[in-house]
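Please read it alongside the sequence and the structure shown here.

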Amino acid sequence: LARYKVAMIGSGAWACAAAHMMAQNTAQHDLADEFLTDVTMWVHDEDYKGRSLVQVINEEHENLKYFPGCRLGPNVVAEGSLEAAAADADLLIFCLPHQYMLGVCQQLMGKVKPGAAAISLIKGMRVQPEGPQLISQMVRRYLNIDCCVLMGANIATDIAKEELSEAVIGYQNLDHAERFKKLFERPYFRITLLPDPVGAEMCGTLKNIVALGAGMVDGLGMGPNTKATIIRQGLSEMREFSKALYPGVHDQTFLEGCGVGDLVATCAGGRNRLVACAWTKAQLEGNAKSFGTLEAEILKGQKLQGTLTSDEVQEIIKRRAWEKRFPLFTTINRIINGHLPPKYITNYIEGGAMEI
Ligand code: NAD
Ligand code: 13P
C-alpha cells in the first residue's frame, strides 16, 4: 500500500510547531499505513554557533535558532536543499514568511510530483500591478497542484506547549482537505473543514494589520474598550475588503476560528501586536526605533508579516481610491509609515486622520 510522503517547506516558529504535530501523527500506529513516518523539513540553512542549522536540527531534534524549546521528534528530518526536500513529496506543507514564497515557488517550478497536494499555513499575499495574488493561488499557478489553506488562532508557542487550539482547513478539493485534517489533527488541535479557502486565507492575511493597531493601543496605555473598538472595526474592514476583492467569500467565515478567533488571539498575544506596542512606546519615550530594528531585537530572526501586508493592502486601497471605505487599515498604514503619530489610531472614524 502506498503511503504519503510529507514535506514541510519552512522551519520557523509555526513551521516547527506544525511539524511537531504532524510528526506525532505520522509516528502513530493507526496512521502508519497512510503516512510515511519521516517528515522532511526544508531549512533555509545558515551557520548556528559553528554548525549548520540543518545539522543542529538533525542532532538535537530542535530548531535552536528560531524556535528553541519545541521538541520536533526524531522523525522530523531537516534538509538543506529545497528541491530535495520537495522531491517525491505527496503532501507539501508551505510555512514560511510570505515575502520568501515567490522565490520558493519559482525554484520549485516543474520539480514537484504531479498530483501532489499542498496546504499553505502562510498569512500574507503578493500584490502585482494586475491585482493581488494569494499564496495558495501562487502555489496553484507556479506548481500546478491543488492547495488548501490552514488558518486559525494558532500562536506557535502555545501550540508547542500543546494547549488547546482550533483551525480551519479551507479547501477546493475535499479529499485533500480530509487527508490534511488527519495529518494535523491532535487532541489539542481541532480542525473544521471550510469550503471557503479564499475567505479563510484573506482572514489570516488581514488580521495581521489589525494586530498592529491593537499593539499601538497597548503602547499608548489604553484599555480594553479601545482595543475592542479596534478589533471590531478591524473585523468589519477585513470582511468588507475580502468581499470587495472576492465577492464569493462567505460572511460566516469571519465568525470561524480563522476570523474572529485568530483576530482576538493575535491582538492579545501575537508578534505583530508585541512589536507595534514596543514601537509605539519607543516613540512616546523619545527613543524612536524602526519596525525592522525592533523586529530583529525582539523576534530574534522570526519575521513580522503585518507591516509588509499593510503596505501591500494599502497599494490596492490606493489604486482603487478606497481610503474612505477602509479608514482603520488606512490610518494604521499612515502611522507605521510615519505620516501620522500613533495617537491617531483612535481617530479613524472621524476621518480626521485622513486630512493630515
Ligand atoms: P518565522 O517568523 O519564525 O520566520 C523565520 C523563518 O524564516 C526561519 O525558518 C528562517 O530560516 C526563514 N527565512 C529567513 N530568511 C529566509 C529566506 N531568505 N528564504 C526562506 N526562508 C527564510 O516563521 P513562522 O513563524 O513559521 O511563520 C511562517 C508563516 O506562518 C507566516 O506567514 C506567519 O504569519 C504564519 N503563522 C505564524 C504563526 C506563529 O505563531 N509564528 C502562527 C500562525 C501562522
Ligand atoms: P503573529 O505573527 O502576530 O504572532 O500572529 C501569529 C498568528 O498568526 C496566530 O494565529
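Helices, taken as H or I runs of at least four residues, and strands, taken as E runs of at least two, are DSSP runs numbered from the N terminus. The model is predicted.

**Nonpolar cores**
- The largest nonpolar core comprises 48 residues, and those with the most contacts inside it are Trp-14, Ile-93, Leu-150, Phe-180, Phe-184 and Phe-189.
- Helix H1, spanning residues 13–26, gives the most to this core, contributing 10 residues.
- A second, separate core of 45 residues includes Val-210, Met-216, Leu-328 and Phe-329.
- When residues up to four places away in sequence are not counted, Phe-180 touches Leu-91, Leu-92, Ile-93, Ala-117, Ala-118, Ile-119, Cys-148 and Ile-169.

**Packing of H8 against H10**
- The axes of helix H8 (residues 197–219) and helix H10 (residues 257–269) come within 8 Å and cross at roughly 30°.
- Because angles under 35 degrees count as roughly parallel, H8 is roughly parallel to H10.
- The crossing of these two helices, H8 and H10, is right-handed.
- On the H8 side, the contact involves Ala-200, Cys-203, Gly-204, Lys-207, Asn-208, Val-210, Ala-211, Ala-214 and Asp-218. Their counterparts in H10 are Cys-258, Gly-259, Asp-262, Leu-263, Thr-266 and Cys-267.

**Helix H14**
- Helix H14 is mostly covered, with nine of its 10 residues buried.
- The buried residues of H14 are Pro-327, Leu-328, Phe-329, Thr-330, Thr-331, Ile-332, Asn-333, Ile-335 and Ile-336.
- Just after H14, Gly-338 takes a positive phi of about 80°.

**Positive phi outside glycine**
- Lys-49 is a residue other than glycine with a positive phi, near 50°.
- Lys-49 lies in the loop between strand S3 (47–48) and strand S4 (51–52).
- Lys-49 counts as exposed because its relative accessibility is 72%, and the cut-off for exposed is over 50%.
- Ala-321, although not a glycine, has a positive phi of about 55°.
- Ala-321 lies in the loop between helix H13 (306–319) and helix H14 (327–336).
- With a relative accessible area of 61%, Ala-321 is therefore exposed.

Definitions and conventions
Residues numbered from 1 in each chain as written. Chains lettered and ligands numbered in written order. Predicted model: local features only at pLDDT ≥ 70, side-chain atom pairs only at ≥ 80, totals over all residues. Heavy atoms only, no water. Axes fitted to C-alpha atoms, helices over the stretch in contact; angles between N-to-C directions. Parallel < 35°, antiparallel > 145°, perpendicular 65-115°, else oblique. Left-handed = near helix turned anticlockwise from the far one by under 90°. Contact = heavy atoms within 4.5 Å. Buried < 20%, exposed > 50% of the residue type's maximum accessible area, 1.4 Å probe, protein only. Core = buried A, V, L, I, M, F, W, Y, C linked by side-chain atoms within 4.5 Å.
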